[in-house]
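Open the model in your viewer and follow the stops below in order. Each stop says what to select and what is there.

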Amino acid sequence: MKNNVLIVGGGPAGLEASSQLQRLGYNVILIERSTALGGHLAKWDRLFPSGVSARETLKSLMGHIEGVKYFTDTEVQSINRLEKSYNVILSNGITVLADAVLMTTGFDLFKASRKEEYGYGIYNRVITNADLEAYFRNGSDPRIDNPKRIGFVHCVGSRDEKAGCRSCSKVCCATAVKQAMEMKQAFPDADVFCFYMDLRLFGRHYEDMYLSAQRDYGIRFIRGRVAEVAENADGSLQVKAEDTVASKPLKASLDLLVLMAGMRPSVSGRRVGDLLEMPVEEDGYFSVKEGIVSGQKSPHPGIFLAGAATGPKTLPDTLADARAAAVMIDQYLSDVFPEAKHYKNLVRELW
Amino acid sequence: MIYEGKQKIWADYQKEIPDDHYFYVRSCIRQSFFPASEATFLDITRNRLGKDIFETEHHTTCGGIAYHSDTIPQETVMTIIARQFALMAKNGYENYVCSCITSFGLYCETMETWREFPELEAKIRENLWKTCKLDFAKPKYLIHASDLIYKYRNLIAKQAVHKLVNVHTGQPLKVVEHIGCHYSKMFPSKGVGGAEYPYVLVGMIEAWGGEIVDYPERRHCCGFGFRQYFIKGNRGYSLSNTHKKFESMEPFHPDFIITNCPGCPYFMDRWQYVIAESTGKTYGQDGHGIPVLTYEEVAGLVMGYDPWDLGLQTHQVGVEPLLDKMGIEYDPEKKYQGKGGKDIGRPEPCACLK
Amino acid sequence: MVDFGFGLVPSSRINLDLFDKERYEELASMEPDVRKCMSCGSCTAVCTAGKYSATSLREAIECIHNGQPDKALGMLKSCQFCGKCTMVCPRGINTRHLILSINKTYGEL
Amino acid sequence: MGRLYDLLMKDYRLREGLNACINCGTCTAVCPAAEFYRYDPRRIVDIVQSKDEEEIEKLLKSDTIWYCGECMSCVTRCPRKNAAGLIIMALRNLSIELGYFVESEKGRQQFLLTKDLCSNVLDYGYCVYPRRFDYAGHPEAGRVWEWEEKHLDDVFERLGGNLDGSGPGAMRRIPQEDRDQLKAIFDETGATERMEKVRAAGLKKAAELGMTEEEFSRMVYFTSDPKHLNH
């Protein structure tokens with residue numbers, strides 16, 4: 001008999017874990033609440049630092065899940081803990097007896113309109129990082145009309161206690177630098193400004209990206225958080241910040257302002273977490289059993305976590321986390337269901 | 001500008017404003033420079049709308065201006081405030097409405113500080129009894145007088161004699177709003193519409209037929225700055241901040257400015273005069289300034305009060321072009337007359353500002 | 001004109017709209033590395049002239065980017081071209097050549 | 001932790017207003033004073049949280065802390081829920097308590113502010129009193145105020161005011177018993193002591209400068225060194 005593993009959330013973490021667990025000889029059931037697999041990756045155009053296509057990346061992830069049973073437009077309705085496993089009823093009426101559950105519920109993008117002073121949804125030429133990716137994908141957005149002066153605001157809904165989100169979203173700095181260069185490619189004679197508090201370009205090749213943005217694209221980095229945005233009579237934007245390096249207030253007129261909306265804990269993921277009585281930390285993300293040595297284990301036996309469900313992560317972080325979770329789940333099931341071992345070995349020989 | 005976006009935010013900041021029975025507290029600056037505005041507020045609410053707005057001669061300044069000029073300790077201003085609250089309770093009221101924005105902000109801050117530091121509240125309670133033999137009390141509802149006119153805006157519209165519409169073109173008048181800094185910048189939830197897009201004045205203008213124009217420096221302070229005005233050597237600060245606002249609003253050609261803070265209309269009116277007389281620059285049509293009105297004055301005009309009963313003659317920027325646009329009849333001869341037509345002369349004309 | 005005993009105060013707000021792009025491109029053509037500055041302040045930290053005068057290459061570059069080249073020139077006028085800053089710049093900018101190029105580009109202002 | 005910092009921490013406004021600052025500059029970006037004075041509220045918050053005694057003492061004796069207009073625009077925007085405006089008020093309070101305010105040109109202005117505003121409150125029960133707001137000292141109040149000042153009683157009567165009258169109304173005469181209570185509050189809560197302290201420190205400074213009180217007051221009221229501004 002095969003062990004069932006239920007994976008909640010069909011984003012990159014869910015996809016990667018599905019393919020790994022399937023290869024390890026488990027019967028994987030993947031559910032996704034939206035109509036398509038892929039999560040935020042499905043909405044992105046190119047990925048930092050190298051600019052590879054998000055479409056291609058998603059395609060290769062999808063390429064490894066043949067045989068995985070997945071249901072889209074499907075949510076968890078109820079979960080009951082049995083002696084060794086979980087009895088899960090799905091919104092599509094199907095009941096799953098899961099020997100292990102993996103939460104890959106990901107993140108929500110911060111609702112930029114909550115930073116009222118930036119005027120997203122009020123001033124016509126204020127957009128978000130997600131809007132810009134959509135523009136790169138389908139090439140049109142009425143708000144982007146050959147802009148000559150473009151601004152990027154880092155830390156929108158990150159490192160902001162007023163907005164109720166203290167944590168850093170980890171990916172916005174690199175995304176801003178990437179998108180700034182892409183806009184420069186699209187509009188070569190535009191002036192591009194990035195307003196940052198700290199540039200957190202920690203990953204491999206990220207610093208090169210920053211250097212290139214300065215040296216090759218002439219992008220101007222200004223250390224100061226944008227304090228206020230307003231609309232001029234001609235429809236352009238007036239942006240206020242302090243240039244903290246010069247210790248002086250600064251203003252600029254811009255044709256387009258891009259808000260780097262940060263990561264927030266997934267609301268629907270939290271709903272499933274509540275069904276499982278999964279503890280969350282102050283930042284709203286799920287707690288793990290031990291942060292360092294087993295960051296994929298939840299405090300409950302048989303419940304595992306991967307990806308942004310346990311805090312902001314880059315895509316490579318997320319995929320690595322998913323693989324680690326697969327191994328953790330394999331160890332767990334091997335201990336709890338030793339009788340299934342023989343079958344698993346057969347499957348593994350097939351691969 | 002996407003109007004629906006603002007509506008979403010306004011929906012998030014709806015504060016509860018009781019319909020009736022208020023203890024009314026005046027503003028030092030409004031009384032000194034716009035006494036008719038407070039008289040109009042009381043006449044509209046009491047006589048036109050039949051509300052119970054109680055005033056006692058025993059209330060005083062809240063001490064806010066002295067406090068924000070750093071001349072009296074926090075404990076002093078808090079005890080004066082406690083005294084005002086106690087008078088409210090003593091007279092059987094629990095709804096407190098104040099005419100001053102500095103007071104309003106200070107009341108909010110004081111109550112918040114008391115909530116956070118109960119030992120301080122206890123100390124103030126003790127001070128109050130020691131000094132005034134009054135029992136400590138807190139208002140159930142604390143609102144600014146502009147909140148109340150906002151609340152009644154549609155009742156006022158029903159009695160409207162004039163609309164905020166240019167009778168010659170049929171177009172709504174373009175209005176710029178200026179919210180006093182201490183209204184909601186410290187406590188966004190205490191203001192109608194919040195801190196970034198306050199609705200308290202916008203709501204009035206919309207209800208009375210005008211059109212609000214947003215401009216980049218809308219949120220910027222008028223520049224009063226307390227000590228920055230009282231000391232002559234500092235007035236450049238005050239002047240320059242108003243100048244910054246007018247330079248920013250100029251391209252939008254507003255017909256007038258509506259304010260809810262006692263100081264702002266004085267400064268935005270008088271600094272236009274100073275800019276005109278010292279640099280020759282004016283911001284209204286052909287040499288005129290842009291009239292800066294209190295919300296009581298605007299409500300009064302809409303309800304058909306005589307402009308000179310509203311005290312519009314005490315503005316340095318002439319309001320006649322606005323009255324003409326609104327089709328309001330007025331007698332230029334009566335503008336500067338005292339009670340019963342008494343001749344008390346008239347101001348000297350300005351060299352530059354019309 | 002009436003004298004009120006006070007008047008408008010000059011604004012010190014940086015206005016990025018005043019940034020002179022053409023002239024900056026001239027500078028960048030002479031010394032492309034100007035774009036690489038990340039305002040770390042190493043140059044200013046070791047600057048000998050900076051100990052005795054308001055000399056700061058870090059601030060000068062900032063001023064140029066902020067459309068205030070005259071201020072930038074002021075901050076460089078006491079530079080002795082000792083070259084210490086070149087040794088410490090983590091981005092490997094030829095700072096001496098940069099300073100010369102700044103003076104050349106904006107000097108005649 | 002140093003002495004001055006401890007004294008500051010006694011002030012509720014500092015306890016309310018100071019959380020860890022990340023130097024993002026949103027306060028300075030919208031500050032009305034930062035554009036027209038040599039002023040950066042972010043730096044002040046940073047100095048206070050550094051707890052550097054020397055730096056804090058410099059601050060307390062400097063013009064810098066007197067540039068703020070207390071509009072509190074900074075409070076709305078801070079991502080760490082700091083209130084630069086409240087921190088400034090606490091610094092000013094301590095500068096006055098320690099008598100440091102007379103060391104700076106802007107600080108000395110407290111000498112006049114305290115005298116004028118407090119006497120308005122105690123004598124009339126108002127912070128502002130029209131008969132004490134003279135056109136000569138306030139030419140910017142306009143030709144219209146020049147006229148109002150001459151006919152104050154008539155103007156108030158015309159506009160439904162009650163200048164110095166009995167009963168309620170605008171600018172009424174506030175009954176003696178109520179002003180007595182204000183005085184009692186001043187005595188009990190340290191305002192009277194504050195007034196005397198500020199006056200004494202001001203007069204001492206005047207003497208140091210070899211000036212009479214009138215000369216000192218004139219200097220304080222009129223002078224503003226260009227060094228405060230940006231060039």
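Start with the two domains: the C-alpha centres of domain 1 of chain A and domain 2 of chain A lie 31 Å apart. This is a predicted model, in which local features need pLDDT of at least 70 and side-chain atom pairs count only at pLDDT 80 or more, while totals for chains, interfaces and linings use all residues. Residues are numbered from 1 along each chain as its sequence is written, chains are lettered from A and ligands numbered from 1 in the order in which they are written, and side-chain values use heavy atoms, with hydrogens and water left out.

Colour residues 4-106 + 266-336 as domain 1 of chain A and 109-263 as domain 2; such bounds come from an automatic or database domain assignment.

Next, select the interface between them. About 1,800 Å² is buried between domain 1 and domain 2 of chain A, and carbon and sulfur atoms give 57% of this (accessible area, 1.4 Å probe, that two parts lose on being put together, summed over both). Show W44(A), F48(A) and P312(A): they supply 36% of the area that domain 1 buries against domain 2, more than any other three residues.

Now show E182(A) and R46(A), which form a salt bridge with the closest N and O atoms 3.2 Å apart. The rule (a side-chain nitrogen of Lys or Arg within 4 Å of a carboxyl oxygen of Asp or Glu) finds 3 salt bridges across this interface.

Finally, zoom out to chain A, whose C-alpha atoms fill a box of roughly 70 × 40 × 35 Å along the principal axes.
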